[in-house]
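Hi there,

Here is the structure I promised to pass on to you. Have a look at it first, and then read my notes below.

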Amino acid sequence: MICNTAFGTKGSSSSVCLSHSIPQHSLKTISANGELYNTNKIVHFSIRKEEQGTKISGTFRLICRDCDSRVFREYEQFDNYTSDFTDNCYSTCVQQILNEITLKNYLSAIYNNESSSAPIRFLLQNTNSYNINYDSARYLKSWLSSSTNDLHDFNNRFLEAKRSLNKMMIDNYSIIYYKLLDKKLPIAMQGVFTPEKAFDGKYINNYHIENASKQDAHICILPSNDFSIVLLFTKKKYGNVKHAFKTIRNLPDDEAIKAIIALGLLYLDNVYLSPEIPKNITQDSYLRELTGETLTTLYSVSSDSPIPDNIKDIPEAKILNSAKANRNLISRYTEIPDQLIESI
Ligand SMILES: [Zn+2]
């Protein structure tokens with residue numbers, strides 16, 4: 001999707017790359033025996049795995065090997081995240097890194113969106129075989145329609161970021177929060193999200209207005225051997241998001257990191273935990289509320305009979321984003337357990 005390599009044609013498939021939506025170095029550094037916890041370790045949805053290998057965590061197949069190794073070079077080079085990263089925000093170097101992250105996040109979002117929609121479409125085409133009643137079908141249809149709108153947005157924004165590749169840019173993105181922590185966090189996450197509400201409950205985006213142009217933001221929490229990168233940024237022109245989250249900058253570091261972790265758990269698909277986290281984290285009720293119930297609810301509305309296998313492949317998509325956001329869970333970010341922001 002970056003170059004014009006056509007996948008699926010003879011001879012080209014060998015060049016399709018298994019890309020990581022979080023730098024593999026971060027995943028490796030928090031893994032134990034090559035394994036990571038995914039967020040189902042908090043949600044405990046019975047049909048899904050709770051652990052997975054670092055090699056397949058948060059991966060997608062949309063770009064060729066050449067692009068994967070070339071286009072994301074600056075962002076994957078952790079030396080580039082210096083303590084004066086924010087001061088240099090409007091330099092071409094930092095803007096390029098932010099653009100690479102943006103590009104990767106949209107690719108991953110497009111891939112996750114398509115993988116989530118396929119089984120729902122399948123269920124809707126086979127409502128009789130799966131005993132799906134009228135109300136459930138209606139729910140699934142409305143979910144699919146909003147998912148299709150999202151896909152359209154992701155595609156447009158991906159193309160926008162692609163146009164910025166190799167172009168001198170100095171003021172495309174604004175950093176809302178950045179911190180180079182001198183500890184290895186036990187959690188890694190990366191992705192793009194469209195926040196519905198700010199910490200005080202005020203609207204940033206109203207999901208219920210169709211075709212409204214939405215403002216999104218990007219999160220990276222990238223642990224390394226003895227430090228971690230924490231980054232929240234958005235498009236410079238997205239005033240609502242900047243205004244809503246600028247309060248994070250005034251918080252003490254620990255609280256700021258908790259606020260960003262809360263946003264990530266609520267909205268992102270790609271969140272991984274170190275198997276070295278204390279057990280109480282995996283039983284924490286606030287974390288569970290933030291992260292999950294998504295698939296559990298989908299399961300209960302979609303069918304009274306055994307659900308098809310491919311439902312299990314739905315990424316940790318935040319299907320009930322809106323309903324969860326309405327409870328304004330992020331305002332309780334201080335309830336994130338301290339162990340999640342302590343070094344492992
Ligand atoms: Zn390519």
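Of the contacts in the chain with a separation of 6 or more, 80% are between residues 24 or more positions apart. Two residues are in contact here if their C-beta atoms, placed from the backbone, lie within 7 Å. Please keep in mind that this is a predicted model: local features need pLDDT of at least 70, side-chain atom pairs count only at pLDDT 80 or more, and totals for chains, interfaces and linings use all residues. Residues are numbered from 1 along each chain as its sequence is written.

The chain has 11 helices and nine strands. Both kinds of element are DSSP runs, numbered from the N terminus (helices are H or I with at least four residues, strands are E with at least two). Of the 344 residues in the chain, 42% are buried. A residue is called buried if 20 or more other C-beta atoms lie within 10 Å of its own, exposed if 12 or fewer do, and partly exposed in between.

Seven strands form an open sheet in the order 3-2-9-6-7-8-5, with antiparallel pairing. Two strands count as paired if DSSP finds at least two bridges between them. Strand 3 (51–53) and strand 5 (173–181) are at the edges with a single partner strand each, so one side of each has no neighbour in the sheet. From one strand to the next, the twist averages 25°.

Strand 5 pairs with strand 8 (residues 228–235) in the antiparallel sense over eight bridges, and Lys 179 stands opposite Val 230 in strand 8. Two helices pack on this sheet. Helix 5 (residues 92–125) touches strand 5, strand 6 (187–193), strand 7 (217–223) and strand 8, and its direction makes about 85° with that of strand 6. Helix 8 (residues 253–267) touches strands 5, 6, 7, 8 and 9 (strand 9 is 271–273), and its direction makes about 115° with that of strand 7. For these angles, axes are lines fitted to C-alpha atoms, for helices over the stretch in contact, and the angles run from 0 to 180 degrees between N-to-C directions.

How many of the residues of strand 7 are buried? Seven of its seven residues are. Ala 217, Ile 219, Ile 221 and Pro 223 point one way from strand 7, while His 218, Cys 220 and Leu 222 point the other way. Strand 7 runs antiparallel to strand 6, and five bridges join them; here Phe 193 stands opposite Ala 217. On to strand 8: strand 7 pairs with strand 8 in the antiparallel sense over seven bridges, and a hairpin of four residues joins the two. Ile 219 stands opposite Leu 232, and Pro 223 stands opposite Ser 228. Strand 8 is largely enclosed by the rest of the structure, because eight of its eight residues are buried.

Next, the cores. A nonpolar core is a set of buried Ala, Val, Leu, Ile, Met, Phe, Trp, Tyr and Cys residues joined through C-beta atoms within 7 Å. The largest one has 76 residues, of which Ile 221, Ile 260 and Ala 262 touch the most other members. Helix 8 gives the most to this core, with 10 residues.

Helix 6 (residues 134–164) has 31 residues and should span 45 Å at 1.5 Å a residue, which agrees with its end C-alpha atoms being 45 Å apart. The expected span is 1.5 Å times one less than the number of residues.

Leu 268 lies in the loop between helix 8 and strand 9. Is Leu 268 buried or exposed? Leu 268 is buried, because 27 other C-beta atoms lie within 10 Å. Asn 33, in the loop between helix 1 (24–30) and strand 2 (35–38), counts as exposed, with 8 C-beta neighbours inside 10 Å.

Happy exploring!
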